[in-house]
Every structure is written in C-alpha cells, then in structure tokens.
Amino acid sequence: MPREFHKMPALPDTIDDPKVQELMSHYFATSNHDSDHEGFADMFTADGEYSMNDRKAKGRQEIIDMRRGLWSHIPTRDHTPHQIYTHGTDQLQLISRGHTKYKHHMGHETDTEWAAYYELEKDENGVPKFRKIHIIADSNKQV
C-alpha cells in the first residue's frame with residue numbers, strides 16, 4: 001500500500017493524473033524511511049535508473065544496493081519538496097526541487113538543497129513507474 005506524504009507541495013494543473021500524484025507522494029514518503037528498500041525499487045521499471053550526482057544504479061538489485069549504501073551513512077532523513085512541475089509535453093517528465101535534513105550516526109545534523117528529474121513510464125495497466133530519477137545535491141553538505 002502506498003505511503004502518504006504529508007509535506008507534498010501543491011501540484012500544478014499539468015499533473016492531474018491521480019496515479020502520478022500518488023506515485024510522487026509515495027516516493028517522497030518512502031525516501032524518508034530506511035526500512036523498505038525493496039518497496040522503493042518496486043516504484044521503478046525493470047530497467048529503471050536511479051542516480052544521485054555521480055552514483056548510478058540500473059535495475060532492481062542495483063537500486064536496492066545503492067539505497068542501502070546511502071542509508072548506511074545517514075540513518076535519518078527528512079525530505080521536503082518545495083516545488084514539483086512538468087517538463088516536456090506531458091506529466092511523464094517531472095522536475096522537482098527541495099531540501100533535506102540529515103541526522104548522522106554521531107548525532108550531528110546537516111542539510112542540503114537538491115533538484116531532481118523524473119522520467120515516468122506507464123505499464124500495461126496504466127500504472128506509472130519511474131524509468132529514471134536523477135538527483136543533484138551538494139554531497140559535501142551531507143557529511
């Protein structure tokens with residue numbers, strides 16, 4: 001069952017598909033929890049790509065492994081998207097920007113601004129999944 005995210009910004013009228021809205025809400029909610037790496041990977045197509053800066057994963061197992069690695073260094077995250085909007089001619093290409101607060105194993109906190117590109121694809125039942133997510137964030141501020 002999709003997680004509901006309570007800090008979603010108002011979406012523009014160009015994102016009117018409830019399934020796309022639900023996917024984005026679930027994505028951000030899951031991004032704040034380290035317990036569901038498999039569920040996170042389920043949001044992607046079989047050959048989906050997930051990248052952050054110069055780190056890149058392709059396919060389910062690489063996405064799970066990358067996400068586990070990201071969470072092993074920073075155990076607590078709080079993502080706040082400030083804006084999500086369409087890029088291109090439909091709602092299957094999205095751009096977002098936001099802010100994330102991190103709490104580290106040693107107890108200190110850091111934060112960073114980020115931007116992300118999302119390319120979605122609908123399956124045979126019309127359910128959207130991510131074909132690609134690319135995040136750009138200042139990784140020095142995550143330390």
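Me: Which residues is Gln83 in contact with, leaving aside its neighbours within four places in sequence?
Reply: Contact just means heavy atoms within 4.5 Å. With those neighbours left out, Gln83 is in contact with Pro9, Ile95, Ser96 and Arg97. Keep in mind that this is a predicted model, where local features need pLDDT of at least 70, side-chain atom pairs count only at pLDDT 80 or more, and totals for chains, interfaces and linings use all residues. Residues are numbered from 1 along each chain as its sequence is written, and side-chain values use heavy atoms, with hydrogens and water left out.

Me: How do I read a pair of aromatic rings?
Reply: You describe it by the distance of the centres and the angle of the planes. Rings of Phe, Tyr and Trp (its six-membered ring) pair if their centres lie within 6.5 Å; planes under 30 degrees apart are stacked, over 60 edge-to-face, and the rest tilted. By this rule there are 10 aromatic pairs here. Take Phe44 and Phe130: their centres are 5.6 Å apart and their planes are at 50 degrees, so the pair is tilted. Phe44 belongs to strand β1 (residues 44-52) and Phe130 to strand β6 (residues 128-137), so you're looking at a link between distant parts of the chain, 86 residues apart. Both count as buried: Phe44 has a relative accessible area of 4%, and Phe130 has 0%.

Me: Which aromatic pair do Tyr118 and Phe130 form?
Reply: A tilted one, with 5.9 Å from centre to centre and 40 degrees between the planes. Tyr118 is in strand β5 (residues 109-122), 12 residues from Phe130 in the chain. Tyr118 is buried, like Phe130. Ring pairs also join these two into a cluster with Tyr27, Phe28, Phe40, Phe44, Tyr50 and Trp114.

Me: Which charged end sits over the ring of Phe40?
Reply: A charge sits over a ring if NZ of Lys or CZ of Arg is within 6 Å of the ring centre and within 35 degrees of the ring normal. For Phe40 that's Arg67, 4.5 Å from the ring centre. Phe40 is in helix α2 (residues 37-41) and is buried at 1% relative accessibility. Arg77 does something like it with Trp71, lying over its face at 4.6 Å from the ring centre.

Me: What volume does the largest pocket have?
Reply: About 320 Å³, where a volume is the space filled by probe spheres set on grid points joined across faces, edges and corners. On a 1 Å grid over the protein atoms alone, a pocket is an open set of points where a 1.4 Å probe fits, with protein on both sides within 12 Å along at least five of seven lines; lining residues have an atom within 4 Å of a point. Of the 24 lining residues, the closest to the centre are Met52, Leu70, Arg77, His79 and Tyr102. The largest share of the lining, 4 residues, comes from α3.

Methods
Helix = DSSP H or I, 4+ residues; strand = E, 2+ residues; numbered from the N terminus. Buried < 20%, exposed > 50% of the residue type's maximum accessible area, 1.4 Å probe, protein only.
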